[in-house]
Amino acid sequence: MPEPSLSTLAAQLASKQISSRELAQAYLDRIATLNPAINAFITVDAEKTLLEAAAADALIAAGQAGPLTGVPIAHKDIFCTDGWLTTCGSKMLHNFVAPYDAHVIQRFKAAGMPSLGKTNMDEFAMGSSNETSYFGAVKNPWNPAYVPGGSSGGAAACVAARMAPAATGTDTGGSIRQPAALCGITGLKPTYGLVSRFGMIAFASSLDQAGPMAPSAEDCALLLNVMTGFDPNDSTSLDREKEDYTRDQDKPLAGLRVGLPREFFAEGLNNEVASAVEAAVTELKKLGATTVDISLANSQLAIPVYYVLAPAEASSNLSRFDGVRYGYRAPEYGNLDDMYSKTRAQGFGAEVKRRILIGAYVLSHGYYDAYYLQAQKIRRLIADDFSEAFKVCDVILGPTAPGTAFKLGEKSGDPVEMYLNDLYTIPANLAGLPGMSLPCGFDAQGLPIGLQLVGNYFSEAKMLNVAHQYQRATDWHMRLPPLGEASGVRGEG
Amino acid sequence: MKWETVIGLEVHTQLATKSKIFSGSSTAFGAAPNTQASAVDIALPGVLPVLNRGAVECAIKFGLAIGATLNRVNVFDRKSYFYPDLPKGYQISQLAKPIVEGGALNIVVGDTERTINLTRAHMEEDAGKSLHEDFHGMTGIDLNRAGTPLLEIVSEPEMRSSAEAVAYARALHTLVTWIGICDGNMQEGSFRVDANVSVRPAGQAELGTRREIKNLNSFRFLQQAIDYEVRWQIETLEDGGRIEQATVLFDPDRGETRMMRSKEEAHDYRYFPYPDLLPVKLDEEWIEAVRATLPELPVAMQARFQHDYGVSPYDAAVLTGSRALADYFETAAQACGQGKLAANWVMGELSAALNKAELDIAQSPVSAAHLGALIARIQDGTLSGKLARQVFEGLWEGAGEVDAIIEARGLKQMSDAGELEKIIDAVLAANPKSVEEFRSGKEKAFNALVGQVMKASRGKANPAQVNELMKTRLQ
């Protein structure tokens, strides 16, 4: 079984030590062994994967390989993938085979990276535990009684269990970073607009952003190189010059100013998480960084603001799922209104319905100003806090989530308790800033702890530099979950 | 009690772009169902809209043409409601920040000219079509029209009669086709009118409760629907009833409006700014570039026609009823150098013939150049008015050039004094009684004699010359 670093895999493929087909087959075998217990994948199609791998091998043989050609990757089931079932974790799309590729999928295909399958997720990316998936909860590879986080829980779990060397995720309020933290991997949410949202099924359009999930920051940098780029099909896509996100990773951290927002180390933060994050700060200081005390006062309003804006956009984005043209339609109904209400009552799960109701309410006549407009104003204040902070620091550091993974079912009965899990991740989405999570320790139960970095707009290379230097000095990201002898995966090269 | 009618119109004009407002699909009319519906148009999961610059330019042109304010930053919103031919469950429209605000349009009703102010005009996408026939109790959905660009043009409630409403709608129709932003085809739904109608006691400042008549697709229906609605509202009020705000449909077969939905059933559209589309920014350079593509506008052309060709204000208004008509007139007028005569021919003989044949000016079998040549032959005395009509018939039939027809059909006016005198002498000799009558003071007898000369010349005699010669002879 292969070494998980993407650059190592790429080197082995380039030197023909292993073929893309062999590599893909090895991962498919591992998926066959582990996925029944973890449920990280909704769709696996070995035939399609191997065909794509064979095409990658042909590219390599022809000397037309790119940096990651032949390295397989798993895609969150939120990305439309031509010819693949694309469910978004919902009964509503349980039968939807996409007739086109999302821009992100196009880019990975163009890079010659075969798809290992479509990963499980909270329904329409709404959830922080992966328990809202119509296809069943994903189990945390570190302990299957615990949640992997969400909504990109399948992606995080499959990478943590090395069922895939890397995965795509999407992050609306923490959906890349929180599961990355809970599963002990590295995940990055880029600046809003850096990765095209075309073909990515919309949850909250002004917040959604796709990003890479992999064991290390170095891997994420390579994946980001593939994913980013202007797309005329997405009007919010930014037309900027291509960057190499690995370019700064080896720079020393001397002189780095790390901002520590006091609100992120206050009440509500688990002690073990706090200790691990503080230890990471110490580590960075050893590497030459200095710390600055900063305040993100308005971030305390991030959750209420988010739970006005995201449901508002979601209620509208999900209107197209009406049983008329594709997806689920109730088998029996009277008239048109009855078809709509039965289809949507049966096709959506409870959390999705809750958010549609909240969203429709805050946009309704007479409430719009009090909720939606007010939330937009506070959103601006939250972004302003960050702008102020970045005058005195280069990167903001804190915990990714207030705690480690929780037990399946523990919070699913209490939506507000669940929502609080995204307390530290949501502000970056509201401001459109890049954020990432990387492993920084374990709690007493052996569950991973995540460290969050938030950077200024377009400072991904800087964040990856900090993360890479930290990962050179530590080995948290190299640790593997105890999946038994059957795994046969080496965590280190 | 005396009542005053108050009318405001909302007109949906389909913009004449080749592709849809947010996708690359064709907007051509009449294709097989759903063959012009892309992934974006049918709202597949994950698709995103991309704004068509051409649609924005149409809106800019309109704003410039009516002297409106162009909002330098304007914003698209989502307008939510469920209907099977609305694929996304919301329509992309503009609510709070439309591209065009204000502006005005002049209308003429009878002898009165009025200015009607516009409230706004905003860009939006059309919905698809629901086909309720031919599917055995089911409804067919055709999404070819979904995403077709529209400009919704809203007037102030300043019209006071159905005639004014029709005049406004016609003036607007002329303008949008004139500046080329809409093909104006009402049968195909390119120009659809909603009328907001209310009545109030004459002299009352406060507006009455309005009802909105939806989707009127001809000027005749607009007039009929408003007339019916006004009668109905006045009768209801005079019978002690109340008007409830409502949306109604006009049934042309019964000539009645009927309730579609009451205020209580009205949708809450839950508008909010479109997060996938950036605000549309108009800079001066873009606006000026679009302005440079605008043709001369009807108002300016009317003034110029009066000045350059000496036509009356009324004629100038008629001649600028469409750009094609105005261009035709101007070409003919320039070809003959006779503006007034050209105006008479275009509005008289030509219009009558086109009406009779149910042809548009653009389809006229007689070209403007030919008509101009014909008028030139009247002017130089070659043709009398009567002969000219015969030549016109020849031109209509496609018999060739003006002079060739005159030659071939022998329609040249007889202006040779010698020849005419011979005929006059013969007529006078043959009608001694009339000559007697004229000499005894009966002026009518003179006309009878001239008529005889014309008849004898088979209409070719130059009437003015005959008059002259006859007078000399009878003195």
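# Around helix α3 of chain A

Student: Which residue with a positive phi follows α3(A)?
Tutor: Helices are DSSP runs of H or I with at least four residues, strands are E runs of at least two, and both are numbered from the N terminus. Past the end of α3(A), phi is near 70° at one residue. That residue is A:Gly63.

Student: What kind of model is this?
Tutor: Residues are numbered from 1 along each chain as its sequence is written, while chains are lettered from A and ligands numbered from 1 in the order in which they are written. Local features need pLDDT of at least 70, side-chain atom pairs count only at pLDDT 80 or more, and totals for chains, interfaces and linings use all residues, since this model is predicted.

Student: How far apart are the end C-alpha atoms of α3(A)?
Tutor: Helix α3 of chain A runs over residues 46-61, so it has 16 residues. The expected span is 1.5 Å times one less than the number of residues. That gives 22 Å. The model agrees, with the ends apart by 22 Å.

Student: Is A:Ala155 buried or exposed?
Tutor: A:Ala155 lies in helix α5 of chain A. Contact means C-beta atoms, placed from the backbone, within 7 Å. Beyond four places in sequence, A:Ala155 touches residues including A:Ala74, A:Thr119 and A:Met213. Inside 10 Å there are 41 C-beta neighbours, so A:Ala155 counts as buried.

Student: How does A:Arg162 count, buried or exposed?
Tutor: A:Arg162 is in the loop between α5 and β4 (167-171) of chain A. Its phi is positive, near 55°, though it is not glycine. With 25 C-beta neighbours inside 10 Å, A:Arg162 therefore counts as buried.

Student: How many residues are in the largest nonpolar core?
Tutor: Such a core joins buried Ala, Val, Leu, Ile, Met, Phe, Trp, Tyr and Cys residues through C-beta atoms within 7 Å. A:Cys158, A:Val159, B:Ala59, B:Phe62 and B:Ala195 touch the most other members. The largest core's residues number 227.

Student: How many residues of chain A are in contact with chain B?
Tutor: Chain B brings 24 residues to the contact. Its side divides into 16 nonpolar, 3 polar and 5 charged. Here Ala, Val, Leu, Ile, Met, Phe, Trp, Tyr, Cys and Pro count as nonpolar, Asp, Glu, Lys and Arg as charged, and the others, Gly among them, as polar. From chain A, the number of residues in contact is 33.

Note on methods. A residue is buried if 20 or more other C-beta atoms lie within 10 Å of its own, exposed if 12 or fewer, and partly exposed in between; C-beta atoms are placed from the backbone. Two residues are in contact if their C-beta atoms, placed from the backbone, lie within 7 Å.
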